[in-house]
Amino acid sequence: MKRKLMSLLLCAVMTTGLFATQTVWADEETETADEDIDFSEDPYEVNMVITLPAASPSQSEIDRVVEHVNEITKKKLNMTLNLQLLPYSTYLEQIPLELSSGSDIDILTAITGYAQGWVSSGYLLDMTDLLDEYGQEAIATYSSPDLAKAAQLNGKIFGLPVHKEIAQQPTIFFRTDILDKYDIDVSNVKTMADVDAIYEQVAEKEPGMWMLAADNLGVGKAVVFDMSVGGTSFAGLMDFANNTTVTNLLASPEFKEWCEYNHKWFDNGWINSGAASDTESYYSYIASGQAFSFFSDYGHPLSEADQENNCGGVDLTMVHLGEPYATTSTAAIFSYAISSGSKDPAKAMKMLNLLETDSDIMNLLNWGVEGEDYVVNSDGLLDYPEGKDASSVGYHLGAGWILPNQFICTPWATDGADIYQTIVDYNNTAVVSKALGFTFDSEPVADEVAAVTNVRNKYYKALVVGAVDPDEYLPKLLEEMDDAGMQDIIAESQKQLDEFLASK
Amino acid sequence: MSNKVKEKKTLAERIKPYKRYLPLYLMMLPALLYLFINNYLPMSGLVLAFEKYNVQDGIWGSKFVGLKNFKFLLKSNELPILFRNTLGYNLCFIIINIIFGVALAILITEIGNLAFRKFAQSSILFPFVVSIVIVSYMVRAFLDPEAGMLNHLLVSIGHQKISWYDTEKFWPFILIFVNTWKSVGYGCILYISTILGIDSSLYESASLDGATKFQKIRYITLPFLKPTIITVALLSIGRIFNSDFGLFFQVPQNSGLISDVTQTIDTFVYKALITQSNIGMSAAASFFQSVMGLIMILIFNTITRKFSEENALF
Amino acid sequence: MVKSKQDKHFEIAAYIILSIVMLVIFFPFLLLFMSSITEENSLLINGYSIFPKEISFAAYSYIWESRETILRAYITTICVTAVGTVINVLITAMVAYPLSLDKLPGKKIFSFLILFVMLFNGGMVPTYMIYTTVLHIKDTYFALLVPNLLFSAFNAIIVKTYLKGNIPEALYESARIDGASEFKIFTNIVLPLGKSIFVTIGIFSGLAYWNDWMNGLYYVSDSSKYSIQQLLNVMVKNIQYLTQFGRSSGTGQIPSISLRMAIAFVAMLPVLILYPFLQKYFEEGITLGAVKG
């Protein structure tokens with residue numbers, strides 16, 4: 001996976017408060033269902049696949065929950081759900097294969113990074129018209145129609161993004177114990193130079209400690225650019241709130257600066273020297289006390305607690321190095337799509353519309369069955385039944401960010417009542433790319449993309465973690481990228497982007 | 001009419017000698033049936049190499065694009081390196097695995113102590129039980145720049161740490177070593193079973209004639225091993241354009257700076273297409289590898305037929 | 001038979017060389033095992049070592065929590081391996097014997113048909129279509145048993161070579177003159193005399209089944225039908241996912257390195273235990289093979 005999954009999400013969403021929205025829907029529930037539904041025919045079974053970050057509950061537990069879901073869907077739509085929950089690793093192997101052989105999946109989680117190939121091979125349906133006809137309520141759950149339509153290729157909408165944080169933000173996390181020990185004030189830290197100054201200060205007193213636990217997964221995390229415009233080839237937009245001229249992002253001064261600082265730190269022995277080829281996550285180095293800080297593009301208000309948990313409970317201080325920003329790849333990393341093998345796409349769309357708007361179904365899918373898997377506490381929030389926990393209840397996904405619409409779930413007690421509102425508020429602060437909603441179709445330059453990706457693979461990781469001298473390797477990388485056809489990709493990307501902007 | 005009867009007769013007559021082979025054909029049936037289902041039915045997928053696949057049009061209905069899918073292989077400036085690495089490593093692997101495999105097989109069968117022999121025999125196959133991903137963890141345990149055993153060793157003798165995963169010159173040796181470690185047992189155990197199938201009276205009479213150990217190996221063991229060795233070599237040559245993906249991708253941890261000496265056709269295709277999900281292009285790459293493999297095997301089979309007809313594959 | 005001096009020297013050299021070879025083979029396994037019981041943070045700080053500074057069984061206790069699933073997967077894999085290996089050896093022997101006969105008409109064509117599949121394949125998409133839409137093996141135990149592993153062209157060609165080189169055709173001829181049918185020849189001559197090669201390809205096939213996770217990956221999504229390798233593979237991937245992207249998973253820090261090592265060890269364990277028993281058959285096959293006249 002190229003981009004960090006967590007870069008997510010968000011969606012946006014409803015500006016009204018969560019509970020207000022819920023009440024509205026509760027009222028609607030009493031209304032009778034759509035009159036054009038023929039309840040005399042056999043219920044249509046919708047095959048749905050959701051991917052999960054980790055192990056899924058056993059099939060019998062899923063069936064138990066889905067039975068409750070089906071009571072609702074039968075009443076409202078005369079349909080039933082046949083749900084499959086697949087761990088991400090299994091999903092990535094099985095689903096493309098199933099789609100490529102024309103399976104009868106109706107609704108599935110789609111990943112934007114792969115969707116381009118899936119759309120051009122005809123796996124996913126163009127749902128533009130279906131959405132107009134049956135998906136208006138679903139569209140209304142997004143804070144803007146642009147967000148609802150963020151997952152599209154060549155003007156065809158292929159999915160509805162999940163509701164989640166839509167913004168990323170250049171962020172650095174420091175270990176609080178070290179900051180306290182040397183009485184360091186981080187409130188004025190805004191730039192790489194500020195970070196460098198702190199490193200100088202700490203490194204002197206803590207010889208042997210790595211100032212930075214680096215990873216090679218993502219793009220330099222203090223550098224902000226819109227990559228959705230050129231896919232993995234790194235053609236994209238700098239300063240995307242104002243600028244729409246596509247350039248080679250790795251040729252930018254910002255990227256060079258990132259590489260230079262990292263190289264300096266690397267040379268000083270301030271970075272874990274195995275980072276370029278490491279498959280270990282940097283959290284382990286924080287947890288083991290070997291490292292002092294790490295960069296992240298995951299800087300929303302809930303992030304600090306998440307990261308502390310990831311680092312085995314180490315106390316962290318979060319410092320932002322830039323504004324939150326939203327691009328296609330941050331806003332629509334996951335979406336819900338309809339497969340071209342669906343036997344009845346219209347019905348699938350109606351089901352998806354219901355999933356996006358029915359809080360009872362979302363609660364069932366996320367938290368299980370009331371009384372069995374969770375109870376409602378006195379604050380109206382949810383908690384485990386007496387004496388149970390995550391591993392002893394039968395069904396507990398707790399992964400709302402991968403479901404169609406977590407914002408209509410009732411919050412879990414430990415997350416707090418306003419968790420979803422916090423996310424929504426954060427989303428509203430994001431600087432939005434002019435190219436939001438644009439996804440590059442690399443098909444016309446597939447050969448060049450293959451060649452450029454290959455060149456980039458050679459040097460990119462080593463540059464990002466500072467293992468090599470940017471003065472020597474960066475020009476080499478840029479030259480080889482151009483030889484491999486980078487300018488053709490940029491031209492194609494610019495052409496498509498201009499068409500997209502014109503159509504808006 | 002009389003003509004027809006006559007013809008029928010000759011047909012029956014012609015079939016008759018084959019009749020005794022019928023049971024033999026029947027015996028072959030399960031395997032052939034399996035090949036038909038598992039391999040020959042899916043061969044229709046070969047046409048994907050020449051199409052822009054669209055699931056809604058199906059395998060036979062998708063748009064024909066000629067050789068377009070093959071272009072990405074040629075367009076990359078990497079092709080000479082890919083060829084050099086894929087062929088070079090495979091050639092080394094074939095030669096080393098045969099030499100080591102045969103040598104170890106002979107040594108093992110020479111051991112008189114039954115318990116030790118059994119133990120040696122089992123252990124040699126042992127690395128085969130681990131998947132290549134796990135092998136890559138093991139390699140990392142030795143080579144990790146920070147926590148790796150080798151660097152700790154180097155530091156303790158006062159040497160500088162080496163950043164193994166960024167240094168090209170070590171990798172040809174590492175890859176060859178890892179491959180030998182992992183797969184020498186496979187051939188070895190084949191050779192052992194062939195050696196143990198040799199009539200022991202041959203060795204006894206050779207000893208009576210005063211033959212030395214090396215003479216017995218040279219004139220009895222090796223000739224008996226020859227057909228197996230040739231078969232293994234020919235079959236490996238057929239796959240010389242394919243590479244063990246795990247060995248070249250997982251073991252070097254996909255490290256970029258060493259990719260000039262670790263990149264093979266398979267890893268290139270994987271990395272180039274991972275985000276494109278382009279079935280046509282990956283089909284084209286494997287079609288190319290197959291055709292090259294077929295050419296190689298035809299050439300080497302012809303050579304084999306010239307020198308030892310009975311050992312040719314077909 | 002008295003061994004000559006030279007023979008003795010040779011044997012001593014064999015002992016020495018093989019001991020070194022085995023050391024090279026086993027050392028990485030030892031390191032793997034020791035790192036699986038090394039405390040995670042100590043491993044990161046002090047490095048991998050066969051003498052860990054701090055021992056911890058946290059990785060194994062993490063695995064122990066899934067013991068039921070793992071046990072079920074073990075049983076699935078052992079059954080599939082046993083059934084698959086027997087069928088594999090049988091149909092391989094049945095196709096190799098006729099092909100080893102010089103006189104069989106059409107021999108070259110059949111040999112080529114078998115060889116051809118080693119070179120060309122249609123790729124995953126059509127294979128998947130046939131297995132799921134024609135044969136409907138998805139999420140059944142057949143999914144672990146049938147695709148790709150039931151017969152290996154490589155093994156067939158190897159067995160053919162062995163039979164041709166080690167069993168004289170005159171033996172079959174005299175049996176035929178005595179009135180034996182081809183099936184009788186197969187069961188009474190080919191199977192016993194070729195036993196050592198059949199055991200060898202049995203080991204190959206058994207290991208292929210044991211190590212296989214591709215079939216499960218493509219054809220099994222019901223976690224109760226996971227094979228052991230697939231289960232462990234999914235566990236490793238999930239841990240990787242959790243440690244890299246984990247959001248409020250509530251799991252805290254997972255000992256990821258030692259856990260990976262422990263999982264690798266768990267995957268090998270039954271083979272370690274069963275190997276000596278299988279080895280017995282191997283020896284038997286060999287002695288039987290050696291008595292042929």
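Contact here means heavy atoms within 4.5 Å. In this predicted model, 44 residues of chain A meet 34 residues of chain B on that criterion. A handful of residues stand out on the chain A side: S277(A), D447(A) and K458(A) lose the most area to chain B, together 20% of what that side buries. The size of an interface is often given as the accessible area lost when the parts come together. For chains A and B, the buried area comes to about 3000 Å², with carbon and sulfur atoms giving 46% of it.

Turning to specific interactions, five salt bridges are counted between chain A and chain B. One pairing involves K458(A), whose side chain joins that of E78(B) in a salt bridge, at 3.2 Å from N to O.

Which helices of chain A each supply at least two residues of the side that touches chain B? They are α3 (88-100), α4 (112-120), α17 (446-464) and α18 (470-483). Of these, α17(A) provides the largest share, with 13 residues. By residue type, the side of chain A that touches chain B is made up of 16 nonpolar, 20 polar and eight charged residues.

How values were computed: Residues are numbered from 1 along each chain as its sequence is written. Chains are lettered from A and ligands numbered from 1 in the order in which they are written. This is a predicted model: local features need pLDDT of at least 70, side-chain atom pairs count only at pLDDT 80 or more; totals for chains, interfaces and linings use all residues. Side-chain values use heavy atoms; hydrogens and water are left out. Buried area is the accessible area (1.4 Å probe) that two parts lose on being put together, summed over both. A salt bridge is a side-chain nitrogen of Lys or Arg within 4 Å of a carboxyl oxygen of Asp or Glu. Helices (H or I, at least four residues) and strands (E, at least two) are DSSP runs, numbered from the N terminus. Ala, Val, Leu, Ile, Met, Phe, Trp, Tyr, Cys and Pro count as nonpolar, Asp, Glu, Lys and Arg as charged, and the others, Gly among them, as polar.
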